[in-house]
Amino acid sequence: MMNIVRTVRCASALTLRIYRPAVCKRCVSSVSVALDSTRVGLSEEQLDIVDMCTSFAYREMLPQMQEWDEKEEFPVDTLRQLAGLGLGAIYASTDHGGSGMSRMDASLIFETLSHGCVSTTAYLSIHNMCAWMIDKFGTPEQRATYVPSLASMDKMASYCLTEPGSGSDAAALRTTAVADGDDFVLNGSKAFISGGGDTDIYLIMARTGSAGPKGISCFIVHRDDGLTFGAKERKLGWNSQPTRMVIMEDVRVPASRVLGGAEWIGKGFNIAMDGINGGRINIASCSVGGAQAALSQTVNYMNERQQFGSKISEFQALQFRLADYAAELTASRQMVRLAAQELDNKSNGAAALCAMAKLAATDKCFDIVNGCLQMHGGYGYLKDYKIQQYLRDLRVHQILEGSNEIMRVIVARDLLSST
């Protein structure tokens with residue numbers, strides 16, 4: 001049957017084309033709410049966004065997910081297709097080509113696309129974080145120069161904070177930027193950089209002043225400014241996006257590329273943390289989407305697999321486990337959406353809620369996928385089944401965007417601050 005083509009007008013007045021297959025059972029509302037509560041409480045506009053992303057995920061991403069993983073292929077063409085749908089600068093303003101959507105909308109997008117490929121969606125979320133940082137903090141010239149090409153994904157971006165010697169202790173970074181005439185000269189290295197070597201624009205945090213967070217500035221650095229890169233890292237998951245060390249040896253960057261201009265020198269750590277608060281919601285959303293896909297596939301498997309003369313879905317012990325996973329997944333989803341709404345509302349408690357959402361959702365969703373793999377038995381351990389890839393891709397979410405141990409520090413500090 002022919003696809004039904006619809007359009008949805010986002011809050012930004014940007015029109016997105018919605019491809020809704022007439023026979024796509026994943027887009028209908030008759031699915032058990034216990035199995036999939038994605039659509040609960042959403043507006044018609046948000047439901048259109050979910051349907052668009054569901055259609056794209058299952059048509060353009062899921063059939064290629066395993067191949068991208070096995071070949072370690074960075075699917076640039078697919079990412080640019082997503083940008084063509086308005087998803088290259090989701091929550092950047094419309095002034096220079098952003099979609100002007102909310103953090104809640106972005107959470108729905110990343111959750112739903114993760115059904116098709118968690119790793120690719122996670123890179124998209126990082127790129128969006130960078131585009132928003134430039135749009136939010138950049139000078140008018142920086143916004144006009146960079147946001148349009150990031151929104152179209154003609155240029156792709158990487159976020160560079162972590163160093164070999166400073167992961168959780170990010171404010172202890174040692175990369176330096178020394179003023180020299182109209183330029184800054186950067187020296188140092190960044191580790192575990194998603195897209196490193198393949199992307200075009202790097203937001204690099206470097207020390208322009210004294211020790212601590214107040215001595216850090218953020219620089220917009222081009223790949224051809226003289227950056228060099230380490231070997232591509234061999235990873236457990238996230239194999240559809242390259243990860244490399246980014247190395248700076250006397251890399252000269254014009255002072256005009258200090259993000260935000262001269263007034264933001266020494267305030268780069270604030271920029272980095274503002275970006276990463278949203279990044280935590282994005283990654284948590286990817287975990288929720290991966291867990292949802294795993295749970296749905298597991299229910300299908302259990303309705304087909306027979307042991308002892310019965311479908312294994314008829315065994316009460318396994319039914320109880322499924323019920324626990326469904327409840328935990330819905331709770332994770334709602335916590336992520338609460339944090340996204342409070343970030344949209346610029347709530348004073350948004351940072352703590354982002355940390356709580358990232359902590360709870362990434363831990364719990366990994367456990368759900370691990371349990372789903374167990375219910376596949378030996379088949380779940382085979383690469384013929386997608387369940388093992390969701391497991392491998394979700395594992396790193398407990399480490400990046402601030403490890404979950406650091407999330408506990410943030411939450412504890414906030415809850416004890418009033419005593």
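This report walks through a few helices, strands and loop residues of a predicted model.

## Ground rules

Residue numbers start from 1 along each chain as its sequence is written, and side-chain values use heavy atoms, with hydrogens and water left out. Since we're looking at a predicted model, local features need pLDDT of at least 70 and side-chain atom pairs count only at pLDDT 80 or more, while totals for chains, interfaces and linings use all residues.

Helices (H or I, at least four residues) and strands (E, at least two) are DSSP runs, numbered from the N terminus.

## Where α4 meets α7

Two packed helices are described by the angle between their axes and the distance between the axes. Here, helix α4 (residues 103–113) and helix α7 (residues 268–304) have axes that come within 7 Å and cross at roughly 35°. The axes are lines fitted to C-alpha atoms, for helices over the stretch in contact, with angles running from 0 to 180 degrees between N-to-C directions. The α4/α7 crossing is right-handed, meaning that the near helix is turned clockwise from the far one by less than a right angle.

On the α4 side, the contact (heavy atoms within 4.5 Å) involves Arg 103, Ser 107, Phe 110 and Glu 111. Their counterparts in α7 are Gly 278, Ile 281, Asn 282, Ser 285, Cys 286, Val 288 and Gly 289. Sort the residues of this contact by type and you get four nonpolar, five polar and two charged. In that sorting, Ala, Val, Leu, Ile, Met, Phe, Trp, Tyr, Cys and Pro are nonpolar, Asp, Glu, Lys and Arg are charged, and the others, Gly among them, are polar.

Buried means under 20% relative accessible area, exposed over 50%, and partly exposed in between (1.4 Å probe, protein chains only).

Strands pair if DSSP finds at least two bridges between them. Strand β4 (residues 176–180) runs antiparallel to β5 over five bridges, with Thr 176 opposite Asn 187 and Ala 177 opposite Leu 186. The two strands make a hairpin with two residues between them, and Gly 181 in the turn has a positive phi of about 65°. β5 also pairs with strand β9 (residues 243–254), again antiparallel, over nine bridges; Ile 193 has Arg 244 as its bridge partner in β9.

Helix α6 (residues 140–151) has twelve residues and reaches 16 Å from first C-alpha to last, close to the 16 Å expected at 1.5 Å a residue. The expected span is 1.5 Å times one less than the number of residues. Its buried residues include Arg 143, Tyr 146 and Leu 150, and the buried residues of α6 pack against α3, α5, β3, β6 and β7. Just after α6, Met 153 takes a positive phi of about 60°.

Helix α9 (residues 350–375) has 26 residues and should span 38 Å; its end C-alpha atoms are 37 Å apart, which agrees.

## Two loop residues

Thr 38 sits in the loop between β2 and α1 and, at 6% relative accessibility, counts as buried. Leaving aside neighbours within four places in sequence, Thr 38 is in contact with Val 50, Glu 111, Gln 292, Arg 333 and Arg 337.

Gly 100 is in the loop between α3 and α4 and counts as partly exposed at 29% relative accessibility.
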